Amino acid sequence: VGKPDPILTAEGVRRSFGGLTAVDVEHLEVQRGTITALIGPNGAGKSTLFNLLTGFDRVDRGRWSFGGRAINGRRGHQVARSGMVRTFQLTKALTRMSVLDNMLLGAQRQFGERMAGALWRPGWSKQEAANTERAMALLERFRLADKRDDMAGSLSGGQRKLLEMARSLMTEPDMIMLDEPMAGVNPALVQSLLSHITSLRDEGRTVLFVEHDMDVIMGISDWIVVLAQGQVIAEGRPSDIKSDKRVIDAYLGA
Ligand code: ADP
Ligand code: MG
């Protein structure tokens, strides 16, 4: 991590559920072109923070900007259009669609908003042809091309994660947010997922990911942000975080 060049900057982001303050982040920056890990015990607010920043949940207060533009208050599809996407788990509706249709849905840039109701429109346009071409190139890259016509629900746990990642790339995002991309994945596929994450950064994208496995985190992260009870309690390079007492306490105290 060299000279600071934040692609994402957030200030005073807060979200409560009833009496519980799930997220209360004073300041957060994600540097452009890095792999940044967001870690912390269960219930720390990691997923809620993702939902807030990407416009899929509403903050109580706070503002944040992406690529120098304020994007707080924008809805999920608008945030995606500005170049910041998060992955989505395969919902029940999506498991009943083909792998290729899942990819094409990712091209709509409104993913998450009309997820359940979105249907492939009849007819064929230049845009649709281009989307299909891009989808197939990504499926090749993620080694899912031979599954294009299979129901997404027939994929293994690891292949689903690959599909989620591939789908999120349909809109050519500058930043991609992955919430536990390794969860439920066969160890044999973990290395493959890790190298895909690394290649996202190597092609110039910014990655923010949530993960629990310390070896994984230490192995691929440029920067680590530690969240506990909704607050950033520490951040730094992997070598610094590993020996940080507050981090050890937050984990062991959970
Ligand atoms: P993490 O992803 O770090 O495990 P979450 O962001 O899922 O944590 O949750 C943070 C806290 O907010 C938890 O205490 C959780 O129970 C609570 N929470 C999250 N979403 C909701 C919700 N929609 N309604 C009520 N409480 C919620
Ligand atoms: Mg979570």
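Predicted model: local features only at pLDDT ≥ 70, side-chain atom pairs only at ≥ 80, totals over all residues.
Helix α4 covers residues 99-106 and is mostly covered itself, with six of its eight residues buried. Those six are V99, L100, N102, M103, L105 and G106. A residue is called buried here if 20 or more other C-beta atoms lie within 10 Å of its own.

The next part to find is an open sheet. Six strands form this sheet, in the order β6-β7-β8-β3-β9-β10, and their pairing is mixed. At the edges are β6 (84-86) and β10 (231-236), each of which pairs on one side only. From one strand to the next, the twist averages 20 degrees. Strands of a sheet pair through backbone hydrogen bonds, either parallel or antiparallel. An example of the parallel kind is the pair β7 (residues 175-179) and β8 (residues 206-210), joined by five bridges. Within this pair, D179 has V210 in β8 as its bridge partner.

Helix α7 spans residues 187-202, 16 residues in total, and reaches 23 Å from its first C-alpha to its last, close to the 22 Å expected at 1.5 Å a residue. After α7 comes G204, which has a positive phi, near 100 degrees.

On the ligand side, α1 gives the most to the shell around ligand 1, with three residues. The whole shell consists of F17, L20, A22, G40, N42, G43, A44, G45, K46, S47 and T48. Sorted by class, the shell has four nonpolar, six polar and one charged residues.

The remaining strands to follow are β1, β4 and β5. Strand β1 (residues 6-17) pairs with strand β4 (residues 61-66) in the antiparallel sense, over five bridges. One of the residues involved is T9, whose bridge partner in β4 is S65. Strand β4 is also joined to β5 (residues 69-70), by two bridges, and these strands again run antiparallel. Here F66 has R69 in β5 as its bridge partner. The hairpin of β4 and β5 has two residues between the strands, and in it G67 takes a positive phi near 60 degrees.

Note on methods. Residues numbered from 1 in each chain as written. Chains lettered and ligands numbered in written order. Near = placed C-beta within 6 Å. Helix = DSSP H or I, 4+ residues; strand = E, 2+ residues; numbered from the N terminus. Nonpolar A, V, L, I, M, F, W, Y, C, P; charged D, E, K, R; others polar. Expected span 1.5 Å × (residues − 1). Pairing = 2+ DSSP bridges. Axes fitted to C-alpha atoms, helices over the stretch in contact; angles between N-to-C directions. Buried ≥ 20, exposed ≤ 12 C-beta atoms within 10 Å, placed from the backbone.
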